[in-house]
Amino acid sequence: MRPALIALVALSVASCGRLEQVGRAPDFTPVESSNEFYAMSAQPMPEEAGRRTAAQEASLWSGNRGSLLGDRRAATRGDILTVVIEIDDKAEISNSTDRSRSSSDTMGIPQMFGIPQRLDRHQPTGASMANAYETTSDSSYAGDGSVARKEKLTLRVAATVLDRLPNGVLRIQGNQEVRVNFEVRELVVTGFVRPEDVSRQNEITYDKIAGARISYGGRGQITDVQQPRIGQQVADILLPF
C-alpha cells in the first residue's frame with residue numbers, strides 16, 4: 001500500500017470520531033475509568049496488622065479521623081482535598097541590539113624595478129598594474145525584541161489522593177468538566193504534595209504542589225472552529241517553506 005493511501009486512511013479513521021459528535025454536545029469523560037475512582041474504590045493493604053478494641057474505637061480522644069478531635073485532612077489514598085489555583089503572572093522583557101562594521105583594503109605596487117610599467121603596455125586601455133586590488137565592505141545589523149505576557153487564573157478544584165509514597169508525599173490528581181451548550185471546559189491538576197502543607201480546611205495552594213501540571217482548556221464546537229484543519233496542520237509540519 002502506498003504511503004499516500006496509508007496517510008489518507010489514517011486521516012479518515014481519525015475523523016470518524018469527530019463526525020459522531022456532529023449535532024450533539026460532546027460527551028463527558030467516564031468517571032469510572034479515571035485514576036481517582038480506582039484510588040477511592042480499591043482497598044489498599046493495611047499498614048499494620050494490629051486490632052483495636054471496642055473501647056479504643058469509642059473513645060472521643062483516640063485521635064482517629066472519625067473522633068471528635070480527629071484530623072480530617074487528606075492523608076491516605078482515596079481522600080479528597082481542595083486545590084486552590086490563583087495565578088496572576090506578568091512578565092515584560094525588552095532588548096535591543098545594534099552592530100556595524102566598515103572595512104577598506106588596498107594593495108598596489110606602483111614602482112618595482114619598472115615591472116608595472118612594462119606590464120601596462122600589454123594591458124587593455126585604462127588597465128594598470130599599479131593597484132593590484134582594492135576592496136571595500138560595509139555591514140550593519142539592528143535588532144529589537146520584546147515580550148509582554150500577562151496571565152490570570154483563579155480556580156478551585158477537588159483532587160483525589162492517588163497514592164502515598166514511601167516518604168509520605170501524596171500524589172494527587174483532580175479532573176473537572178463543565179459543559180455549557182456545546183462546549184466542555186476541562187480542568188486537570190496533578191502533582192505531589194506534603195501532608196503538612198495541607199491546611200486545616202483541607203486545602204492546598206498550587207504553589208505548594210511539586211511537579212504541578214495544570215491544564216485548562218476545552219473541547220466542542222468553538223474549539224473545533226478555532227483549530228486549523230488536520231490537513232493544514234500536516235502541511236505546516238511537512239512543508240519546508
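What follows is a short exchange about salt bridges, a surface patch and a pocket.

Guide: This is a predicted model, so local features need pLDDT of at least 70, side-chain atom pairs count only at pLDDT 80 or more, and totals for chains, interfaces and linings use all residues. Residues are numbered from 1 along each chain as its sequence is written, and side-chain values use heavy atoms, with hydrogens and water left out.

Visitor: Why is the contact of Glu 203 and Arg 156 called a salt bridge?

Guide: The term asks for a side-chain nitrogen of Lys or Arg within 4 Å of a carboxyl oxygen of Asp or Glu. Here N to O is 2.3 Å. That is within 4 Å, so the name applies.

Visitor: What makes this pair a tie between parts of the chain?

Guide: Glu 203 lies in strand β5 (residues 203-205) and Arg 156 in strand β2 (residues 131-164), so the pair joins parts 47 residues apart in sequence. Strands (E, at least two residues) and helices (H or I, at least four) are DSSP runs, numbered from the N terminus.

Visitor: How do you know whether Arg 156 is buried, partly exposed or exposed?

Guide: Buried means under 20% relative accessible area, exposed over 50%, and partly exposed in between (1.4 Å probe, protein chains only). Arg 156 has 47%, so Arg 156 is partly exposed. Glu 203 has 24%, so Glu 203 is partly exposed too.

Visitor: What makes Arg 219 and Glu 186 a salt bridge?

Guide: Their N to O distance is 2.4 Å. Arg 219 is in strand β6 (residues 210-220) and Glu 186 in strand β4 (residues 183-193), so the pair ties parts 33 residues apart in sequence. Both also belong to a salt-bridge network with Glu 177. By this rule the count is five salt bridges.

Visitor: Why is Leu 238 called exposed?

Guide: Leu 238 has a relative accessible area of 64%, so it passes the cut-off. Leu 238 lies in helix α6 (residues 230-238). With Ile 230, Val 234 and Ile 237, Leu 238 makes a nonpolar surface patch of about 390 Å². Patch residues have over 30% relative accessible area and no salt bridge; nonpolar side chains (Val, Leu, Ile, Met, Phe, Trp, Tyr) are joined within 5 Å, like charges within 9 Å. Areas come from the Shrake-Rupley method with a 1.4 Å probe; for residues, only the protein chains shown count as cover.

Visitor: Which strand gives the most to the lining of the second largest pocket?

Guide: β3 does, with five residues.
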